[in-house]
Amino acid sequence: MFISVLWISVFYVFLTALIMFNAEPHINPVTGEPTFKTFFDALYWATVTLH
């Protein structure tokens with residue numbers, strides 16, 4: 001049971017990071033910097049935000 005919850009959580013974090021990496025504008029209009037430079041930045045964001 002625990003393994004199932006773990007896999008669902010990992011999948012959810014990965015999917016959320018993928019969506020945010022593709023959906024967010026690539027340049028932040030306020031700072032002029034990229035929102036996520038790499039997919040791993042989005043993965044870090046999803047991990048910290050969702051868990």
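Colleague: Leaving aside neighbours within four places in sequence, which residues is Thr-16 in contact with?

Modeller: Thr-16 is in contact with Trp-45, Ala-46 and Leu-50, where contact means heavy atoms within 4.5 Å. This is a predicted model, in which local features need pLDDT of at least 70 and side-chain atom pairs count only at pLDDT 80 or more, while totals for chains, interfaces and linings use all residues. Residues are numbered from 1 along each chain as its sequence is written, and side-chain values use heavy atoms, with hydrogens and water left out.

Colleague: Why is Thr-16 called buried?

Modeller: The relative accessibility of Thr-16 is 16%. Buried means under 20% relative accessible area, exposed over 50% and partly exposed in between, with a 1.4 Å probe and protein chains only. Thr-16 therefore counts as buried.

Colleague: Where does Thr-16 lie, and what does its side chain reach?

Modeller: Thr-16 belongs to helix α1, a helix being a DSSP run of H or I with at least four residues, numbered from the N terminus. Its side chain reaches the backbone oxygen of Tyr-12 at 2.7 Å.

Colleague: What makes the pairing of Thr-47 with Leu-43 a polar contact?

Modeller: A polar atom of the Thr-47 side chain lies 2.8 Å from the backbone oxygen of Leu-43. A polar contact is a pair of N or O atoms within 3.5 Å; within protein, one must be able to donate a hydrogen and the other to accept it, and residues adjacent in sequence count only if both atoms are side-chain atoms. The value of 2.8 Å therefore falls within the limit. Thr-47 is placed in helix α2, residues 39-50, and counts as partly exposed because its relative accessibility is 39%.

Colleague: How do you know whether Trp-7 is buried or exposed?

Modeller: The relative accessible area of Trp-7 is 59%, so this residue is exposed. Trp-7 is found in helix α1, which covers residues 2-23.

Colleague: Why is Leu-50 given the label partly exposed?

Modeller: Leu-50 has a relative accessible area of 32%, which means that it is partly exposed. Leu-50 sits in helix α2. Apart from neighbours within four places in sequence, Leu-50 is in contact with Tyr-12 and Thr-16. The C-alpha atoms of Leu-50 and Thr-16 are separated by 8.9 Å, although the two residues are 34 apart along the chain.

Colleague: Which residues make up the largest nonpolar core?

Modeller: Seven residues do: Val-13, Ala-17, Met-20, Phe-36, Phe-39, Ala-42 and Ala-46. Helices α1 and α2 each supply at least two residues of this core. A nonpolar core is a set of buried Ala, Val, Leu, Ile, Met, Phe, Trp, Tyr and Cys residues joined through side-chain atoms within 4.5 Å. Beyond its neighbours within four places in sequence, Phe-39 is in contact with Phe-14, Ala-17, Leu-18 and Phe-21.

Colleague: Where is Asn-28, and what makes it partly exposed?

Modeller: Asn-28 is in the loop between α1 and α2. Its relative accessible area is 28%, so Asn-28 is partly exposed. Leaving aside neighbours within four places in sequence, Asn-28 is in contact with Glu-33 and Thr-35. From Asn-28 to Ser-4, 24 residues apart in sequence, the C-alpha to C-alpha distance is 37 Å.
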